[in-house]
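Visitor: I would like to learn how to read a fold from its coordinates. Please take one feature at a time.

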Amino acid sequence: RRLVAALRFDSAAAPPLALGVRSASAAAAARQLLFSAEGHDVDLRLQPRPDGGTELRGQVLGPALCGHAELRRDDDAAWSARASLDELGEFVFDALPAGRYRLTLALGDVQIELPPWQLGDDPGG
C-alpha cells in the first residue's frame, strides 16, 4: 500500500522566537520537518555540518517500525542512499549536499512517500 505524506510543520516557515532565544549559532540553523500519513508521523531533523554538508536524522512514529528509508535527489537520478530503521524507527543520512530531495519509507507492506523538500541554497528549489 502506497501512502503520500503531508507536511504538517516546517521550522523554516515558523516565525522566529523572542529576541535572545534563537541565536545565530549552528543549532539555530537546524531545521525540523514533520510529515503525516494515515497514522504514521515522520520527524526529520536537518543539521548543518562544519564541512558544509547536512546531516539528516529521522524517526518514524507509529505502527510497523521495521523497514528502511531511501533518499533520492531530484537533480541527479543516479544518486540515492538507503538507511535501515533501528528499533526506535530512527535513521540517519550524513553529509548531504544542497539539493532537492525525496524520501521514501518502506515499512512492511506500507510505502510512505514524502513530498520533495529543498536542502541548502541550491537554486533549483
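Guide: Start with contact, which means heavy atoms within 4.5 Å. Strands, for their part, are DSSP runs of E with at least two residues, helices are runs of H or I with at least four residues, and both are numbered from the N terminus. Phe35 lies in strand S3. Leaving out residues up to four places away in sequence, Phe35 touches Ala5, Ala6, Leu7, Arg8, His40, Asp41, Val42, Leu44, Leu114 and Pro115. The C-alpha atoms of Phe35 and Leu114 are separated by 7.3 Å, although the two residues are 79 residues apart along the chain.

Visitor: What should I know about the model and its numbering?

Guide: This is a predicted model, in which local features need pLDDT of at least 70 and side-chain atom pairs count only at pLDDT 80 or more, while totals for chains, interfaces and linings use all residues. Residues are numbered from 1 along each chain as its sequence is written, and side-chain values use heavy atoms, with hydrogens and water left out.

Visitor: How many helices and strands does the protein have?

Guide: The count is 0 helices and 11 strands.

Visitor: In what order do the strands of the open sheet stand?

Guide: Two strands pair if DSSP finds at least two bridges between them. Here 5 strands form an open sheet in the order S2-S3-S4-S5-S8, with antiparallel pairing. Strand S2 (6-10) and strand S8 (90-96) are the edges; each has a single partner strand, so one side of each is left without a neighbour in the sheet.

Visitor: Over how many bridges do S5 and S8 pair?

Guide: Strand S5 (residues 54-61) and S8 pair over 5 bridges in the antiparallel sense.

Visitor: Which strand pairs with S6?

Guide: S6 and strand S7 (residues 76-84) pair over 6 bridges, again in the antiparallel sense. A hairpin through 2 residues joins S6 to S7. Within this pair, Glu70 stands opposite Arg82 in S7.

Visitor: Is Phe35 buried or exposed?

Guide: Buried means under 20% relative accessible area, exposed means over 50%, and partly exposed is in between, with a 1.4 Å probe and protein chains only. Phe35 has 2% relative accessibility and therefore counts as buried. Leu44, in strand S4, is buried with a relative accessible area of 0%. Of the 125 residues of the protein, 32% count as buried.

Visitor: Which residues have the most contacts inside the largest nonpolar core?

Guide: A nonpolar core is a set of buried Ala, Val, Leu, Ile, Met, Phe, Trp, Tyr and Cys residues joined through side-chain atoms within 4.5 Å. The largest one has 26 residues, and Leu44, Phe91, Leu103 and Leu105 have the most contacts inside it. Several strands supply at least two residues each, including S3, S4 and strand S10 (110-113). S9 gives the most, with 4 residues. Leu44 touches residues including Leu33, Phe35, Leu56, Phe91, Leu103 and Trp117. The contacts of Leu103 include Leu44, Ala69, Phe93, Ile112 and Trp117.

Visitor: What does the side chain of Arg73 reach?

Guide: A polar contact is a pair of N or O atoms within 3.5 Å; within protein, one must be able to donate a hydrogen and the other to accept it, and residues adjacent in sequence count only if both atoms are side-chain atoms. The side chain of Arg73 reaches the backbone oxygen of Ala98 at 3.0 Å. Arg73 lies in strand S6 and is buried, at 14% relative accessibility.

Visitor: Where is Glu38 found?

Guide: Glu38 sits in the loop between strand S3 (31-37) and strand S4 (40-48). Its phi is positive, about 40 degrees, although Glu38 is not a glycine. At 58% relative accessibility, Glu38 is exposed. Ala95 also has a positive phi, of about 55 degrees, without being a glycine. Ala95 lies in strand S8 and is partly exposed, at 40% relative accessible area.
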